[in-house]
Amino acid sequence: MCDELACTFLVVGGGIAGVTCAETLAVLRTNPSDRILLITESSLVKAVTNLVSLGKLLTRFDVEERDASDLAANNIGILQDRLESIVTKEHFVKTENGKQIKYRYLCLCTGARPNIIEKAHGSEHVLGIRDTESVAELQKRISTASRLVVVGNGGIASELVYEMEGMEEIHWVIKDPYISSTFVDSGAATFFQERLSHKNPSTDEEKKPLYKRMRYTEHVDDGTNSSKRGAALGPDWHHAFDIKKHGGHVKGSVSIHHSAEVASIEELPVDGKFPLAVHLTDSNVIECDFVVSATGVVPAVGWPCDQSFKLGPDGGLFVDWHMGTSVEDVYAAGDACYAGWDRASHWFQMRLWTQARQMGAMAARSMAAKRDGEQIYQDFCFEMFNHVTTLFGYQVVLLGCYNGQGLNDKYEVLLRMTPGLEYVKFVLVEGRLQGALLVGETGLEETCENLILNQLDLSSYGEDLLDPNIDIEDYFD
């Protein structure tokens, strides 16, 4: 027999989207009798703190891991459990531990799971990197390893290759012609690769720049919930973990295999030097201790439900701009959803912690408004893509169509690069700024944001727009 609970707002997921949604609901709640309940698989949840505005939209913030019980101070109920099934017509869910929870409004913030390379399924020597537990496992394995293969070209793969020390050989397999293509263009990749090629672990610690953004902190669970899936890693995750092989070689080599993918993975005899042979599509074969698969994520959806959810092309729950799914009174936010509305020309979806926070807050506003019978407008943050992160020790700011997304190659690019210091890229169409990529402490964040939002005609400035002797922020801030 099920234990029965009831609430007005039920949020599923202890990541940034879920916690932001629950906390925003607590602020917007107008009726004290409305109960908010958060279901989380772990006793620890992700929370956004130290929020600092860099402009109208652009923000930097700290993501810290808290005990879920801390949310009780905001009158948010916590249930450590896992969603098992949904009965939308009767407005209740069932959990793995036998709870039946009646809800008025439901928000699914279940995140995503690692997209392990297909050829690796079932191999104990292939590790997917996504959450705290997987990084803890990585720490254990590098202590006895000498040769590693990293597969993937996003933020986690890039920072892993850059931060890891003590390994004799690291082979980085990327399907693209240049590194870090998820975020940057080939020019910025060359800028980063210079840092990677000349990295000296014995002196780099002193040279690492100071970060204006607060760093993410993490606490590894004691192992009692090892079967539970943790929330995604936050910004600057690598600073919270010691991913160095102590006692190993101080400086190892990094070999980058461009435009290559894993063709097959072969288990080698136990008496050999390495347990694994990775066969690449470019005919190279790499023997190694283990493989790290950092090849992106797929939405963690697919629970049994009495109604079928409309899904987006990436498998996420299709949502409108209210963050509402195709099922009445059910919302979704973060990595679990697909943005299905007519998007602003400078905004697109990427599964990032920045958008998880924005979507979680928007879902909360929509649910609260529906509860109170009010009308709302879409949050202004969805007018322009914006994200702050770090790559290879540099602050990276991404604004608007920073790589020409959606512009059909009909744009011009202005570049300014100072080796080892900064890389600035402006994307313009007919003299109007459509996007910007800022690497390093450029101080141009707010200026670029204003120029993209205002669509001021900059044609008269020409290439002088990025003249290092001209402080354009004085003109346009």
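This is a predicted model: local features need pLDDT of at least 70, side-chain atom pairs count only at pLDDT 80 or more; totals for chains, interfaces and linings use all residues.

User: Leaving aside neighbours within four places in sequence, which residues is arginine 416 in contact with?

Analyst: Residues are numbered from 1 along each chain as its sequence is written, and side-chain values use heavy atoms, leaving out hydrogens and water. Contact means heavy atoms within 4.5 Å. With neighbours within four places in sequence set aside, arginine 416 is in contact with Glu422, Tyr423, Val424, Leu444, Leu466, Asp467 and Pro468.

User: Is arginine 416 buried or exposed?

Analyst: Arginine 416 is found in strand β26, residues 412–418. Strands (E, at least two residues) and helices (H or I, at least four) are DSSP runs, numbered from the N terminus. Buried means under 20% relative accessible area, exposed over 50%, and partly exposed in between, using a 1.4 Å probe and protein chains only. Because its relative accessibility is 16%, arginine 416 counts as buried.

User: How far is the backbone oxygen of leucine 466 from a polar atom of the side chain of arginine 416?

Analyst: Leu466 is among the residues in contact with arginine 416. From the backbone oxygen of leucine 466 to a polar atom of that arginine 416 side chain, the distance is 3.4 Å.

User: Which residues touch the most other members of the largest nonpolar core?

Analyst: A nonpolar core is a set of buried Ala, Val, Leu, Ile, Met, Phe, Trp, Tyr and Cys residues joined through side-chain atoms within 4.5 Å. The largest one has 82 residues, and its largest share, nine residues, comes from helix α6 (residues 353–372). The members touching the most others are Leu10, Leu108 and Phe426.

User: At what angle do the axes of helix α1 and α6 cross?

Analyst: Axes are lines fitted to C-alpha atoms, for helices over the stretch in contact, and angles run from 0 to 180 degrees between N-to-C directions. Residues meeting here include Ala17 and Leu25 in α1 with Ala356 and Met367 in α6. The axes of α1 (residues 16–28) and α6 come within 7 Å, and their crossing angle is roughly 35 degrees.

User: How many of the nine residues of helix α3 are buried?

Analyst: Helix α3 spans residues 155–163 and is mostly covered. Among its buried residues are Ala157, Leu160 and Tyr162, and Ala157 is also part of a second, separate core of 42 residues. The number of buried residues in α3 is seven.

Definitions and conventions:
A polar contact is a pair of N or O atoms within 3.5 Å; within protein, one must be able to donate a hydrogen and the other to accept it, and residues adjacent in sequence count only if both atoms are side-chain atoms.
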